[in-house]
Amino acid sequence: MRFIKLGLEHIETLRPYFMKNLCRICDCTIGGTFMWRDFFNTEFALDGGYLYFKVVYLTGETAFTPPRGGDCADKAIYDKIIDYCIRTGIAPRLCAVSEQRLKKILPLYPDAKVTTDRAWSDYLYAAEDLVNLAGRKYSGQRNHINKFTKTFGDWRFEPIGPGNLGEVRSFFEVGADAPGSSYPALDESNRKSLEVLDHLEQYGLFGGVLKAGGAVAGAALGEIVDDTLFVHIERADKEIRGAYQMLVNQYAKAFAHGVSYINREEDDGVEGLRTSKRSYHPVKLLHKYVVELG
């Protein structure tokens, strides 16, 4: 296998490998892979009809995401990773392994060591829950939304397009230009939000912008794969009460047609983010595993 650095110019070549994502984790999407390619020093190889990704994982160690294409239970595709690791002197390690893929790997390697980190589990919601916000459990969100609509009688939500792309980009530039935080992943997310906006058609993502008082109050971008809407980027003005709740609800109403689930990705171990994402009552946490094959 010959690995090369992943770049935007490879999106169309690799897009067919992302057309299915039955495990519903964000790592198996165009947005989830290409937005974070620099953060994880992602490289890729195409070999025998399979797509292999090599990354520098969170611990600073090299790892491989599960190969895509063909039979994911074929031991030969994992043995190829092991052979590569032996030749290059690194540990045969898989990361971002979904529960579904783990069930196929363990029978092939019963002595494998498996670990997981709760901070990187995706939050999966029933689409109808975020569209309707019905019932007592969503009373808090509805209260915030009511406050927002009473304060801003002129609010509106519209798709991101040529007519508003400039002001949406300016909104995201505030975060991208802010001093570096103590959390590098947040800084990278802010930077890559601008890249996505500059290459929206190439990424194949779609977005919506929430406006209040004539100004941008929030925006979100994502993609649909199979039965799931993936929200890769979600920003709102924290100084505006109800802006986040309004954005979550309006984005779901606008783009969740025909899907069963909405994936709003991880909380990254940030306590405030965890509290917020739990408050929307996910139907499941999609855990991701690191698997040491040998």
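A nonpolar core is a set of buried Ala, Val, Leu, Ile, Met, Phe, Trp, Tyr and Cys residues joined through side-chain atoms within 4.5 Å, where buried means under 20% relative accessible area and exposed over 50%, with a 1.4 Å probe and protein chains only. Keep in mind that this is a predicted model, in which local features need pLDDT of at least 70 and side-chain atom pairs count only at pLDDT 80 or more, while totals for chains, interfaces and linings use all residues. Residues are numbered from 1 along each chain as its sequence is written, and side-chain values use heavy atoms, leaving out hydrogens and water.

Let's start inside. The largest nonpolar core has 34 residues, and L14, F34, F172, V196, Y203 and L221 touch the most other members. Among the elements that give two or more residues to this core are α1 (11-14), β3 (50-56) and β10 (215-225); helices (H or I, at least four residues) and strands (E, at least two) are DSSP runs, numbered from the N terminus. Helix α8 gives the most, with four residues. Leaving aside neighbours within four places in sequence, V196 is in contact (heavy atoms within 4.5 Å) with M35, Y203, L205, L221 and I233.

Now turn to helix α3, residues 75-88. Where do its buried residues I77, Y78, I81, I82, Y84 and C85 sit? Seen down the helix axis, they fall within an arc of 160° and so line one face of α3, the arc being that of the directions from the axis to the C-beta atoms. They pack against β3, β4 (62-68), β5 (93-97) and α4 (99-105). On the other side of α3, I86 and R87 are exposed. Just after the helix, G89 takes a positive phi of about 75°.

Conventions: Expected span 1.5 Å × (residues − 1).
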